[in-house]
Amino acid sequence: MDVATILADAWTLVRENLPHTLSLRREIVWKPDGSPVTSADYYHEEILGAFLRERIPGVLLVAEESYTPEMDLSASWIAILDPIDGTENFCSGLKEWGVALSIWHEGVHQGSALMLPEMDDAIISGQPVEKFNSRIVGLSSSYNDEIGAIVAASPESRIMGCAVYNSYNVIRGTFARFVNPKGAYCWDLQAGVSLALENGCEVYLEGEIYGGQLLEPHKRHRVDIRHRHDLHPG
């Protein structure tokens with residue numbers, strides 16, 4: 001299975017469909033928890049789900065809009081998908097939203113992609129990443145006292161409302177750190193934490209060093225990713 005090609009083709013599919021995706025950003029309904037979901041979320045999940053099932057026969061799709069606790073996670077191939085991460089940004093007309101895809105076989109990570117379609121940029125497993133040195137701390141948008149304390153203690157901080165965008169930046173070193181102390185689900189985080197490990201970042205879940213395992217889909221995970229600037233010049 002050529003996962004690298006699958007990820008690259010998924011990114012091409014997302015880019016080719018961007019005009020239609022953007023045409024759906026004003027079609028909004030509200031979930032019981034008060035968060036928005038757009039027709040574009042469902043559209044992305046549909047086209048990427050169909051693409052993955054064609055390219056990886058028998059794959060189990062664990063995706064934000066269709067996940068149920070009854071799913072059998074013992075499948076040989078698993079694809080974890082966030083069709084649109086940062087929906088609040090997306091439906092507000094901001095460009096800081098993304099698509100996250102992570103592919104696993106027999107519990108072992110095969111490759112991931114973080115895609116920022118309106119910025120026409122992505123990080124994909126196996127592809128080079130240009131690195132920077134930054135002191136900025138990126139934070140989740142679910143405010144609590146811990147986030148407030150981090151903002152107060154940081155020389156620079158940003159609350160961006162998109163885990164894909166935050167993960168993309170900490171991997172590149174354009175953020176020194178990305179913290180979500182309230183927690184997010186596997187479709188928000190799996191591609192990001194996997195790519196962070198690939199690129200030499202320190203990754204903590206629930207305050208413990210992350211060992212590269214598949215994240216449980218039924219619970220929130222508190223994440224802290226730190227870019228290792230000492231591992232590259234600049």
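This is a predicted model: local features need pLDDT of at least 70, side-chain atom pairs count only at pLDDT 80 or more; totals for chains, interfaces and linings use all residues.

User: Noted. How many bridges pair S4 with S5, and in which sense?

Analyst: Seven bridges, in the antiparallel sense. S4 covers residues 77–85 and S5 covers residues 98–105. Another pair there is Trp77, whose bridge partner in S5 is His105.

User: What holds paired strands together in general?

Analyst: Backbone hydrogen bonds, with the strands either parallel or antiparallel.

User: Is S5 mostly covered or open?

Analyst: Mostly covered. Seven of its eight residues are buried.

User: Zoom out. What is the strand order in that sheet?

Analyst: S3-S4-S5-S6-S7. It is an open sheet of five strands with mixed pairing. Strand S3 (60–63) and strand S7 (121–124) are the edges; each has a single partner strand, so one side of each lacks a neighbour in the sheet. From one strand to the next, the twist averages 15 degrees.

User: Which helices lie across it?

Analyst: Among them, helix H1 and helix H3. H1 (residues 3–16) lies across S4, S5, S6 and S7, at about 20 degrees to S6. H3 (residues 39–55) lies across S3, S4 and S5, at about 155 degrees to S4.

User: New topic. What order do the strands take in the six-strand sheet?

Analyst: S9-S8-S10-S13-S11-S12. That sheet is open too, and its pairing is mixed. Here strand S9 (157–159) and strand S12 (208–209) stand at the edges; each has a single partner strand, so one side of each is left without a neighbour in the sheet.

User: What packs on it?

Analyst: Helix H5 (residues 145–153) touches S8, S9, S10 and S13, and its direction makes about 160 degrees with that of S8. H6 also packs on this sheet, touching S8, S10 and S13. The direction of H6 makes about 150 degrees with that of S10.

User: S13 keeps coming up. Which strands run antiparallel to it?

Analyst: S10 and S11 both do. Five bridges join S10 (residues 177–184) to S13 (residues 221–226). Four bridges join S11 (residues 202–205) to S13.

User: Which residues pair up there?

Analyst: Phe178 has Ile225 in S13 as its bridge partner. Ala184 has His221. Tyr204 stands opposite Asp224 in S13.

User: Back to H6. How do H6 and H7 sit against each other?

Analyst: Their axes come within 9 Å and cross at roughly 5 degrees. That crossing angle makes H6 roughly parallel to H7.

User: Which residues meet there?

Analyst: From H6, Ala163, Ser167 and Ile171. From H7, Asp188, Leu189, Gly192, Leu195 and Ala196. By class, the contact has five nonpolar, two polar and one charged residues.

User: Where do nonpolar side chains tend to go in soluble globular proteins?

Analyst: They tend to be buried together. In this model, the largest nonpolar core has 35 residues. Val62, Leu114 and Ile225 have the most contacts inside it. Helix H7 (residues 186–198) gives the largest share of this core, seven residues. Apart from it lies another core, of 32 residues, including Val3 and Trp97.

Notes: Residues are numbered from 1 along each chain as its sequence is written. Side-chain values use heavy atoms; hydrogens and water are left out. Two strands pair if DSSP finds at least two bridges between them. Helices (H or I, at least four residues) and strands (E, at least two) are DSSP runs, numbered from the N terminus. A nonpolar core is a set of buried Ala, Val, Leu, Ile, Met, Phe, Trp, Tyr and Cys residues joined through side-chain atoms within 4.5 Å. Buried means under 20% relative accessible area, exposed over 50%, partly exposed in between (1.4 Å probe, protein chains only). Axes are lines fitted to C-alpha atoms, for helices over the stretch in contact, and angles run from 0 to 180 degrees between N-to-C directions. Angles under 35 degrees count as roughly parallel, over 145 as roughly antiparallel, 65 to 115 as roughly perpendicular and the rest as oblique. Contact means heavy atoms within 4.5 Å. Ala, Val, Leu, Ile, Met, Phe, Trp, Tyr, Cys and Pro count as nonpolar, Asp, Glu, Lys and Arg as charged, and the others, Gly among them, as polar.
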